[in-house]
Amino acid sequence: MIQRKLKYAIFFAVLILLFIISALISVPYKMIPAENGTLDLSGQYLNEKVIFKLDGQWEFFWSKLLDEPKLCSANPDLYVKVPDTWNKYEMNGEKLPGQGYATYRLHIVTDVDAGTRLGLRIKTFSSAYQLYIDDKLIASAGQ
């Protein structure tokens, strides 16, 4: 009976130890929400051990596929919460339909030197997209 309790105690101690170790070595997320289409990461230490989510208010251009030159002079239709689905957004008092297309834009401000390599993780999602960074096509899926 005592050996059985000892086995359970050791099992749970190892389980707790594994949980603590995994929590210590996991990569932390930092939440600095984007506001009005800008995510300001200046003053933040950017390295491989910290992940910044790009959540927050992005610029949204409904029924427009805009490239960099057109985006420079365009005003967004809305500032929208990302991540979210656009059929939750309202324009002119009406919800947007599920079908359609749009351009989302987020300015990311850093104080790293030009040419510094940073990473971007794109989760899988079932929608066509083109991702541009500084007017260069970085990734795309579908049409």
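User: In this predicted model, is Trp58 buried or exposed?

Analyst: Buried means under 20% relative accessible area. Trp58 has 17% relative accessibility, so Trp58 counts as buried.

User: How many aromatic pairs does a search of the whole structure find, and how is a pair of rings described?

Analyst: A pair of aromatic rings is described by the distance of the centres and the angle of the planes. The search of the whole structure finds 6 aromatic pairs. One of them joins Trp58 and Tyr104: the ring centres are 6.4 Å apart and the planes stand at 80°, so this pair is edge-to-face. Trp58 belongs to strand β4 (residues 56-62) and Tyr104 to strand β8 (residues 102-105), so the pair ties together parts 46 residues apart in sequence. Tyr104, at 29% relative accessibility, counts as partly exposed.

User: What are the values for the rings of Phe60 and Tyr89?

Analyst: The centres of Phe60 and Tyr89 lie 5.1 Å apart with the planes at 75°, so this pair is also edge-to-face. Phe60 is in strand β4, while Tyr89 is in the loop between β5 (78-82) and β6 (90-91), 29 residues apart. Phe60 is buried at 0% relative accessibility, and Tyr89 is buried at 7%.

User: Which residues form the aromatic cluster?

Analyst: One cluster is formed by Trp58, Phe60, Trp62, Trp86, Tyr89 and Tyr104.

User: Which residues make the nonpolar surface patch?

Analyst: Leu120, Ile122, Phe125, Ile133 and Ile138 make a nonpolar patch of about 440 Å². Ile133, in strand β10, is partly exposed at 38%.

User: Which residues form the negative patch?

Analyst: Asp67, Glu68, Asp134 and Asp135 form it. Asp134 sits in the loop between β10 (129-133) and β11 (136-141) and is exposed, at 71% relative accessible area.

Definitions and conventions. Residues are numbered from 1 along each chain as its sequence is written. This is a predicted model: local features need pLDDT of at least 70, side-chain atom pairs count only at pLDDT 80 or more; totals for chains, interfaces and linings use all residues. Side-chain values use heavy atoms; hydrogens and water are left out. Patches are made of residues with over 30% relative accessible area and no salt bridge: like charges are joined within 9 Å, nonpolar side chains (Val, Leu, Ile, Met, Phe, Trp, Tyr) within 5 Å. Accessible areas come from the Shrake-Rupley method with a 1.4 Å probe; for residues, only the protein chains shown count as cover. A salt bridge is a side-chain nitrogen of Lys or Arg within 4 Å of a carboxyl oxygen of Asp or Glu. Lys and Arg count as positive and Asp and Glu as negative; His and the chain ends are not counted. The place of a charge is taken as NZ of Lys, CZ of Arg, CG of Asp or CD of Glu. Helices (H or I, at least four residues) and strands (E, at least two) are DSSP runs, numbered from the N terminus. Buried means under 20% relative accessible area, exposed over 50%, partly exposed in between (1.4 Å probe, protein chains only). Rings of Phe, Tyr and Trp (its six-membered ring) pair if their centres lie within 6.5 Å; planes under 30 degrees apart count as stacked, over 60 as edge-to-face and the rest as tilted.
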